[in-house]
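Subject: Structure handover

Hello,

Here is the structure I said I would pass on. Please open it next to the notes below.

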Amino acid sequence: MRPTVHVIGAGLAGSEAALQLAERGISVRLHEMRPQTGTDVHQTPFAGEMVCSNSLGSTEIRSASGLLKAELELLGSRYLQIAAPFRVPAGSSFSVDRHLLAAAIEHALVDHPRIEWVREEMRLLPPDDAPTIVATGPLTSPAFARELSRFTQRRHLFFYDATSPIIRADSIDFSRVFRATRYDKGEADFINIALDKDAYNAFVTALVEADTVDIPDFEKGVFFEACLPVEEIARRGPMSLAFGPMKPVGLTDPHGSSAPFAVIQLRQDDLHESLYQMVGFQTRLKWGEQKRIFRTLPGLGNAEFERFGRMHRNTYINAPLIIDATGRARARSSLFFAGQLSGVEGYVESICSGLLAARQMARYLTGKPPLPLPTKTACGALLHSIANAAWKNFRPTKFSFGLLETEAVSAKQRNVSKRERKELQAQEALEILQKWIHRESF
Ligand SMILES: Cc1cc2nc3c(=O)[nH]c(=O)nc-3n(C[C@H](O)[C@H](O)[C@H](O)COP(=O)(O)OP(=O)(O)OC[C@H]3O[C@@H](n4cnc5c(N)ncnc54)[C@H](O)[C@@H]3O)c2cc1C
């Protein structure tokens, strides 16, 4: 009889891993500390909660997250299948009602006859011979982080990350904003707040001068570049927001006489359209400062905040030292790491690593050798890159086309536009993945 697999953490990676294993006939003991022990960021008691943005990224395969999702669909991702009915309008982005989706993931796990829930915080790793997938995420509990520190001989790390505010729709003055999607892609799904040059400059000054939540001196400056707080971006130069999350390209303000100088976008956060999230506005400003400054924006004079942006620690292992390209611990063959803790960054990347850890675990349990994915596929390139990165300044990694093996740019692909090349690379990746799936089934 095959042994039970311990999956620690029922987040995006752990939920996907548990469902994959269970549907392959493998018994799972799923350890999740919430709701008894919460984290600074999760808002619901449910598994698989998307903690910040409600977007799983673009659906276009020439975009990085579009290709990753297309591969995950081929691999039969349960998370994406369960998410499909909860999509909310957001142009070409796969955005969902986060709360309804988390409740549905929880049901799928609770209802599964091969999944046994253990609702308590894990403080120690299971014994060496117990097959285990660790997916406790960036908010791994402090006690378990200490245990991982012991296992990895202190080669685990952290940086600081922040979330964006969410605003109640009924508190927005819709006569002062406009609905549109950049370049009219899809329906007019976003709410846009246009600023002229003077308003933009005043807003940037207010952000730069506002009070932020303190972090200890010895940890100062440990931010993740891909998710910088909005006030940190503002500090890098007066135009950095206008070229970043507030870029006005592809948008025309129907109320304005000239093109907007900068734009803040709000994206629907729930199916009932009662909540909107400020896109790219992760912040560590004090809550009173967020209220004061964001209420100066047109249409947000009476804004009510469902959730303020906040900062938190983000824990991860030094992947190149600890795991191989299948997510398996180099020092213990029965142990896999998945999700953000394993060194990938992002929702879709976390689902991907959970799915692949489960498939590799299934091979391990049947005595088959590890079968890494080809590096011409997005999933394979992602896991290969974290296992083989330079360990010194290792930071969690998102998938990008630059990670794909370069030979993927064939002669046919060389004389075409960048956009067409990505399209061709994506198609090639999907074909290669299909062959890998066929090979893996033997
Ligand atoms: C604040 C924040 C905002 C983010 N925003 C985005 C975003 O907008 N877009 C994006 O693509 N990515 C974002 N990320 C990055 C990442 O995609 C998410 O953190 C994602 O949820 C990671 O999935 P995971 O499965 O690794 O971890 P999680 O989804 O966090 O799941 C880990 C689970 O393990 C549980 N757990 C922790 N310790 C223990 C323990 N000792 N015992 C038992 N259970 C435990 C937790 O309760 C949790 O349920 C964000 C991360 C953070 C922290």
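The notes cover the ligand, then a pocket, then the cavities.

This is a predicted model, in which local features need pLDDT of at least 70 and side-chain atom pairs count only at pLDDT 80 or more, while totals for chains, interfaces and linings use all residues. Residues are numbered from 1 along each chain as its sequence is written, and side-chain values use heavy atoms, with hydrogens and water left out.

Ligand

There are 31 residues around the ligand, and E32, H312, Q340, G346 and Y347 come nearest; a residue is near if one of its heavy atoms lies within 4 Å of the molecule. By class, this shell has 12 nonpolar, 15 polar and 4 charged residues (Ala, Val, Leu, Ile, Met, Phe, Trp, Tyr, Cys and Pro count as nonpolar, Asp, Glu, Lys and Arg as charged, and the others, Gly among them, as polar).

A polar backbone atom of A13 is 2.8 Å from an oxygen atom of the ligand, and a polar backbone atom of T136 is 3.5 Å from an oxygen atom of the ligand. A nitrogen atom of the ligand has a polar side-chain atom of S141 at 2.9 Å. On its own the ligand has 970 Å² of accessible area, of which the protein covers 96% (Shrake-Rupley method, 1.4 Å probe). α1 (12-23) and α10 are the elements that give two or more residues to the shell; helices (H or I, at least four residues) and strands (E, at least two) are DSSP runs, numbered from the N terminus.

Second largest pocket

A pocket here is an open set of points on a 1 Å grid over the protein atoms alone, with protein on both sides within 12 Å along at least five of seven lines; lining residues have an atom within 4 Å of a point. The second largest pocket has a volume of about 370 Å³, a volume being the space filled by probe spheres set on the points. Its lining has 19 residues, with L139, T140, P142, R313 and T315 nearest the centre.

Cavities

A cavity is a set of grid points where a 1.4 Å probe fits but cannot get out. Among the residues that line the largest cavity are D324, F337, S353 and L383. α10 (347-365) and α11 (378-388) each supply at least two residues of that lining.

Regards

Key. A polar contact is a pair of N or O atoms within 3.5 Å; within protein, one must be able to donate a hydrogen and the other to accept it, and residues adjacent in sequence count only if both atoms are side-chain atoms.
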